[in-house]
Each structure stands twice: as C-alpha cells, then as structure tokens.
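Take a look at the chain below. A short walk through its parts follows.

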Amino acid sequence: MSKEILYCNKCKKFTMKESCCDEKTISLKPAKYSPEDKYGKYRREFKKSISE
Ligand SMILES: [Zn+2]
C-alpha cells in the first residue's frame, strides 16, 4: 500500500483525497528537510483509526 494519508485542516479529518472543504489537504509524509515530524502523531492516529 502506497496510498498517501492526507489531512484536512479545516474539518480536522484524515482523507485520501487531495482536497477537502475546497482546500488542499496536507500531506502527512514527513518532510525530508525537517528533523521534526510534526504530523507523526496524526499518522499514528490515522493508522489506529483505520485498523479498528
Ligand atoms: Zn475537510
């Protein structure tokens, strides 16, 4: 599975869509240039939510 997890900042929901609420969703992939993985928490929550 190589589907990207995306996040909508407007409705605070995870999605696989590239846009939500007429806004571009945020990729939860860790940024290579950043040592901080600020979306790691969201990714873990998402994985938890889809495995339940
Ligand atoms: Zn949304």
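In which strand does Phe-14 lie? Phe-14 is part of strand β2 (residues 13-15). Helices (H or I, at least four residues) and strands (E, at least two) are DSSP runs, numbered from the N terminus.

This is a predicted model: local features need pLDDT of at least 70, side-chain atom pairs count only at pLDDT 80 or more, and totals for chains, interfaces and linings use all residues. Residues are numbered from 1 along each chain as its sequence is written. pLDDT is the predictor's confidence in each residue, from 0 to 100. The chain's average is 82, and 81% of the residues reach at least 70. Among its elements, strand β3 (residues 19-20) has the highest mean, 95. Helix α1 has the lowest, 82.

The chain holds 5 strands and 1 helix. Read from the N terminus, the order is β-β-β-β-β-α.

Back to Phe-14. It has 18 C-beta neighbours inside 10 Å, so Phe-14 counts as partly exposed. The scale is this: a residue is buried with 20 or more other C-beta atoms within 10 Å of its own, exposed with 12 or fewer, and partly exposed in between, with C-beta atoms placed from the backbone. Of the 52 residues in the chain, 8% are buried.

Which residues does Phe-14 touch, leaving aside neighbours within four places in sequence? They are Ile-5, Tyr-7 and Phe-46. Contact means that the C-beta atoms, placed from the backbone, lie within 7 Å. Arg-43 is 29 residues from Phe-14 in sequence, and their C-alpha atoms are 8.9 Å apart.

Last comes helix α1 (residues 40-51). The number of buried residues among its 12 is 0, so α1 lies largely in the open.

How values were computed: Expected span 1.5 Å × (residues − 1). Contact = placed C-beta atoms within 7 Å.
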